[in-house]
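Dear colleague,

Please find below the structure that I am handing over to you. My notes on what was found in it follow directly after.

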Amino acid sequence: MDVQKYLARIGCSGPCPPTLETLRYIHLNHLMTVPFENLTIHTGERVKLELPLLYEKIVVKRRGGFCYENNGLFSWLLSQMGFDVTILSAQVRNRFTGAYGPPFDHFIMMVKLDEHRWLCDIGFGSGFQLPLSLETDGPQVQSHGAYRLRSQGDLIFMEMKFEAEVSGIGEETWTELYKFTLEPRKRDDFRTMCDYHQSSASSIFFCKSLCSLLLPTGRITIMGRRLIITSLSSVDGQQATKTTTDLSDEEITEILKEKFGIVLYSPLTPKDVEIVPPPVTY
């Protein structure tokens with residue numbers, strides 16, 4: 001890996017020693033420069049997890065990826081920069097059924113700095129912007145929302161605060177996004193679930209073509225043939241407005257290039273079909 005070329009890809013310059021300041025800097029920059037996307041699946045190709053291939057795709061070809069790709073490559077970058085990195089497995093909560101996916105459903109990582117543990121995740125799509133401290137279960141307020149890591153035995157739940165209206169009154173609620181343990185994992189452990197997400201009618205990645213990028217004031221997403229712009233309207237990201245626009249194939253190609261820096265060399269088949277609820281076994 002050419003670390004400097006990778007850092008340039010995510011807009012980072014200057015000395016980058018393995019400190020918390022550097023970790024926060026590159027974590028945020030990665031989210032704002034490397035799209036969360038699964039377009040490979042919808043161009044008739046397969047996602048491959050070998051690290052040199054991920055480097056070629058994301059750094060050289062300036063593409064993005066989903067969790068196994070973005071977090072897989074980012075964890076390698078952190079290790080090359082001198083950080084103490086542990087790969088972890090998470091199970092994502094289905095927002096429709098409330099059920100959790102199986103083990104290795106999501107690739108995340110823990111970084112240890114001066115005896116302090118941090119959760120890093122630049123491959124969730126709409127998660128936290130800066131590393132979350134694993135040393136507290138209190139709220140951690142960031143630019144696009146408030147998050148917390150709630151422990152329950154060996155399990156840790158990553159949660160985000162939402163405002164819900166109950167009987168005309170706004171109430172704050174914490175919603176579980178995924179759960180995980182601190183058991184160390186290996187890269188090869190995720191291959192089966194990576195294949196699953198490329199072929200299962202119960203996976204959002206198979207059912208919907210998507211490309212999303214964090215913005216300073218919100219998020220821009222293409223899902224199927226829809227352009228979705230989310231704009232934040234409060235300091236902690238609790239209030240957001242969404243605008244949705246239908247796109248033609250030509251407009252998708254143009255926006256991918258102009259807004260995401262992505263040029264595809266195989267035809268994209270936009271897809272946005274209903275997800276089949278998986279069996280509730282976890």
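**The second largest pocket**

Helix α3 (residues 51-60) supplies four residues to the lining of the second largest pocket, the largest share. Please bear in mind that this is a predicted model. The volume of the second largest pocket is about 430 Å³. Its lining has 20 residues, and those closest to the pocket centre are Thr40, Glu45, Lys57, Lys61 and Arg63. Sorted by class, the lining has nine charged, seven nonpolar and four polar residues.

Histidine 30 belongs to helix α2, which covers residues 20-33. Is histidine 30 buried or exposed? Its relative accessible area is 0%, so histidine 30 counts as buried. When neighbours within four places in sequence are set aside, histidine 30 is in contact with Tyr6, Ile10, Phe74 and Ile122.

**Helix α4**

One of those contacts, Phe74, is also among the buried residues of α4. Helix α4 (residues 67-80) has 14 residues, which should span 20 Å at 1.5 Å a residue; the end C-alpha atoms are 19 Å apart, which agrees. This helix is mostly covered, with twelve of its 14 residues buried. Among them are Cys67, Tyr68, Trp76 and Leu78. Just after α4, glycine 82 has a positive phi of about 100°.

**The cysteines**

How many disulfides does the model contain? The count is zero. A disulfide requires two cysteine sulfur atoms within 2.5 Å. For cysteine 12, the closest cysteine sulfur is that of cysteine 16, at 5.7 Å, and this is too far for a bond. Cysteine 207 is likewise in no disulfide, and the nearest cysteine sulfur, in cysteine 194, is 16 Å away. Cysteine 12 has a relative accessibility of 8%, so cysteine 12 counts as buried. Cysteine 207, at 2% relative accessibility, also counts as buried.

Yours sincerely

Conventions:
Residues are numbered from 1 along each chain as its sequence is written. This is a predicted model: local features need pLDDT of at least 70, side-chain atom pairs count only at pLDDT 80 or more; totals for chains, interfaces and linings use all residues. Side-chain values use heavy atoms; hydrogens and water are left out. Helices (H or I, at least four residues) and strands (E, at least two) are DSSP runs, numbered from the N terminus. Buried means under 20% relative accessible area, exposed over 50%, partly exposed in between (1.4 Å probe, protein chains only). Contact means heavy atoms within 4.5 Å. The expected span of a helix is 1.5 Å times one less than its number of residues. On a 1 Å grid over the protein atoms alone, a cavity is a set of points where a 1.4 Å probe fits but cannot get out, and a pocket is an open set with protein on both sides within 12 Å along at least five of seven lines; lining residues have an atom within 4 Å of a point. Grid points are joined across faces, edges and corners, and a volume is the space filled by probe spheres set on the points. Ala, Val, Leu, Ile, Met, Phe, Trp, Tyr, Cys and Pro count as nonpolar, Asp, Glu, Lys and Arg as charged, and the others, Gly among them, as polar.
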